[in-house]
2 protein chains.
Amino acid sequence: MTSAAQPAAGQPGDRRSCSTALLTDQYELTMLDSALRDGTGHRRCAFEVFTRRLPEGRRYGVAGGVQRVLDAVAEFRFGEDELRALSGTLDDATLDWLREYRFTGHIDGYPEGELFFPGSPLLTVRATFAEAVVLETLVLSILNHDSAIAGAASRMVSAGNGRRLIEMGSRRTHEKAAVAAARVAYLAGFAATSNLEAGRRYGIPTAGTAAHAFTLLHDDERDAFRAQIDALGTGTTLLVDTYDITRGIERAIEVGGTGLGAVRIDSGDVGVLARQAREQLDSLGATGTKIVVSGDLDEHAIAALRAEPVDGYGVGTSLVTGSGAPTAELVYKLVEVEGRPVAKRSSRKESRGGRKSAVRRHKETGTAVEEEVFGIRAGSAEPVLGPHDRFMQIPLVRDGAQVDGLPGLEDSRQRLRHALVTLPWEGLKLSRGEPAIPTSFAQS
Amino acid sequence: MTSAAQPAAGQPGDRRSCSTALLTDQYELTMLDSALRDGTGHRRCAFEVFTRRLPEGRRYGVAGGVQRVLDAVAEFRFGEDELRALSGTLDDATLDWLREYRFTGHIDGYPEGELFFPGSPLLTVRATFAEAVVLETLVLSILNHDSAIAGAASRMVSAGNGRRLIEMGSRRTHEKAAVAAARVAYLAGFAATSNLEAGRRYGIPTAGTAAHAFTLLHDDERDAFRAQIDALGTGTTLLVDTYDITRGIERAIEVGGTGLGAVRIDSGDVGVLARQAREQLDSLGATGTKIVVSGDLDEHAIAALRAEPVDGYGVGTSLVTGSGAPTAELVYKLVEVEGRPVAKRSSRKESRGGRKSAVRRHKETGTAVEEEVFGIRAGSAEPVLGPHDRFMQIPLVRDGAQVDGLPGLEDSRQRLRHALVTLPWEGLKLSRGEPAIPTSFAQS
């Protein structure tokens, strides 16, 4: 191993920088340029992140990526590399302004793991126009991706009904998106991920044993099983469907003994196969050996397997692609300029102007009944809370600094679990339907 | 701007490393660990990337991300940070092996921008099992994402029928996936991207002027238009649908003059609106002012606008989500061990063993008729080429080093354009159908 691959001459190298500043649409910087020239860039503004609709038929959204947004905003700095890339497009004065850029405004939002609905003010950014407009793309990229995956993952966890789910979709999505997807899958209640970078970066439990290639590499299936058990112990999971599942299970117990951790089935009609595998394992005395299934599972397939003797699911493609809804369709809209509400007016895509927050109303039983969105104006009174109601936004950033004690990933995981319990039961149905609770817009 | 946001205490920081080594599923390293122990890790293997099927109804695939794979393989190194993250899971001997890891094998594949079909051997990696197995996830993540977006983008370019397409989907996908998506959109024939990082990293033309927020920021639409023209000149594109489109166009020409570059319409029934806008612009004397439309466009919407006076399209969500097919479903399968073909046998997901390559057969007119996949064995003869036939794989990496003179992004863009011309005309239809040409598997 002496000769290393090098980018071919003439290929732009895949340069990476820790700065997030160019993960941005050009128009944000051309707007900035114009607004700094004519002075409007210094007007105090509020931008709001919300969705006009949930993905078709979905009953709730899950706020995913909030902490990633805050970290990305902190890393939103223009170094000399970034400024050089922009020097043809922008004024020198604008470049100087960007060189000094630090976000100094306020951010309020739904804590990560919270449910949201159409119109929920998921995130509110208050700053000068100049400071806030440049964050649009980055904020939306993170929230749209992470919330889409979190929403799909949450339905899978509900469908799994307490059984163990492992995220293994990295290979079916962009290599960096995979890391973020693993993070929100865990947030949504998945037990572990196959993605090692997610393990390192976010401290998520990782899992994984062997693929068909490992069996095919060996001259005999038993050799492969033996090698795996030598390395990982008898608690490991053996993949038994490379050649013939019945023979595979027989050999797995022959090699691993009746204390074998689990077998995995990755193809075929996994429900039927799981039942047969359970009978075979029991008849061999391996009553404690678990059955893990994988291969093109989505929330509906997981639900359909509820009655089968399956102990765990490996979920890949459908998770990392949002199970039919790969983006959350969140938008980042200017809603207030110098205290004055503003909104686009030309079409059905109408927006409600003014800075807003929300209360989630609950029955006495604790069941949620309504998302009440209300305007925040100087001098106007806040809504009165019932005993089970709560304000949805929390302060996330003040004067550019992250608020102390923000919820961590484990907190967010708990939050989602609790929030789902408050939904009316129809809200957890997998079938297509209306949002679990309606959104009302309070007159102010 | 003095106080900068900092990750909250106790939050795992979003550490970034140039190493791609942990963008990997855990099982690759547990397989490695076991295979190094029992000696099978040193067996010479061939892994093949292919798809069993195209996304439903699609007629061809586009090889996207090949150069990104080669660069990522070159950066696949385990530094002390990566090794520390793995130290609980793996043998010390395995960690030592990883510390020295450099890919030293061979990679052959379809050049980027080439079409592929079910069974096409898109990429073949030859190395020891140990060296090749660890690349599985990274190779697939890149190819699955980039090829999915490239395939969708290519259909949009066909639908656009020569009109200018601008990629503006960054906000609807993971922030790093957005950069890769912009790259393959350009590969597929898009004229420009809104994504600044893609501009910097890959030299792609960037575009973008202003959003509704910029108009709302100003007290009067005219002020916004004036500010934009002051900064960007009269060749710019003014967004005219914030309040009322007819008034917006009137003001745009009032401020920008009849030499205004373009107006953009982002909402409503853009076909009807484009026709009205054209009439209005012409009646104002702005006959050279172009019309750009955006807002929830996909390949079908673009095709439906062919008869309308639209000069350019801004495409977002549907592009970066693969227009219904967010992943290409490519797999990375072990096909050969020490010269012996291997294949999984237990289900319908059958694979063909043995290292393979392909010839694309063409009629005398140059129209493609068949993808002929053939086995490569020592001593077996290569297929005979007709005058218009060609071998599909090219050498990409030899002894770990990228082959000199690999096609760059512009070359790949040309390649795709030419390849599409060779398809039977039904192959370019947007409607659901069979692959444009059948794949045959030659007996060897």
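# A guided tour of chains A and B

Start with both chains on screen: chain A and chain B bury about 11,000 Å² between them, 55% of it on carbon and sulfur atoms (buried area is the accessible area, with a 1.4 Å probe, that two parts lose on being put together, summed over both). What you see is a predicted model, in which local features need pLDDT of at least 70 and side-chain atom pairs count only at pLDDT 80 or more, while totals for chains, interfaces and linings use all residues. Residues are numbered from 1 along each chain as its sequence is written, chains are lettered from A and ligands numbered from 1 in the order in which they are written, and side-chain values use heavy atoms, leaving out hydrogens and water.

**Stop 1: between the chains.** Select the contact (heavy atoms within 4.5 Å): 133 residues from chain A and 133 residues from chain B take part. Between chain A and chain B there are 14 salt bridges, each a side-chain nitrogen of Lys or Arg within 4 Å of a carboxyl oxygen of Asp or Glu. For a salt bridge to look at, show the side chains of A:Asp219 and B:Arg43, with 3.1 Å from N to O. Over all chains, the count comes to 68 salt bridges.

Stop 2: Helices (H or I, at least four residues) and strands (E, at least two) are DSSP runs, numbered from the N terminus. Next, go to helix α12 (residues 270-283) of chain A, where A:Arg278 and A:Asp282 lie four residues apart, about one turn of the helix. Their side chains meet in a salt bridge of 3.0 Å, N to O.

**Stop 3: two helices in chain B.** Select α7 (residues 177-187) and α15 (residues 409-421) of chain B, which pack at an angle of about 50° with their axes 8 Å apart. Angles from 0 to 180 degrees are taken between N-to-C directions, and axes are lines fitted to C-alpha atoms, for helices over the stretch in contact. α7(B) and α15(B) are therefore oblique to each other, since angles under 35 degrees count as roughly parallel, over 145 as roughly antiparallel, 65 to 115 as roughly perpendicular and the rest as oblique. From α7(B), B:Arg183, B:Tyr186 and B:Leu187 meet α15(B) residues including B:Glu410 and B:Leu416.

**Stop 4: loops.** Find B:Pro438 in the loop between α15 and β19 (439-441) of chain B. B:Pro438 and B:Pro118 are 320 residues apart in sequence, yet 8.3 Å apart in space, C-alpha to C-alpha. Finish at A:Glu338, in the loop between β12 (330-337) and β13 (340-341) of chain A; its phi is near 50°, a positive value in a residue other than glycine.
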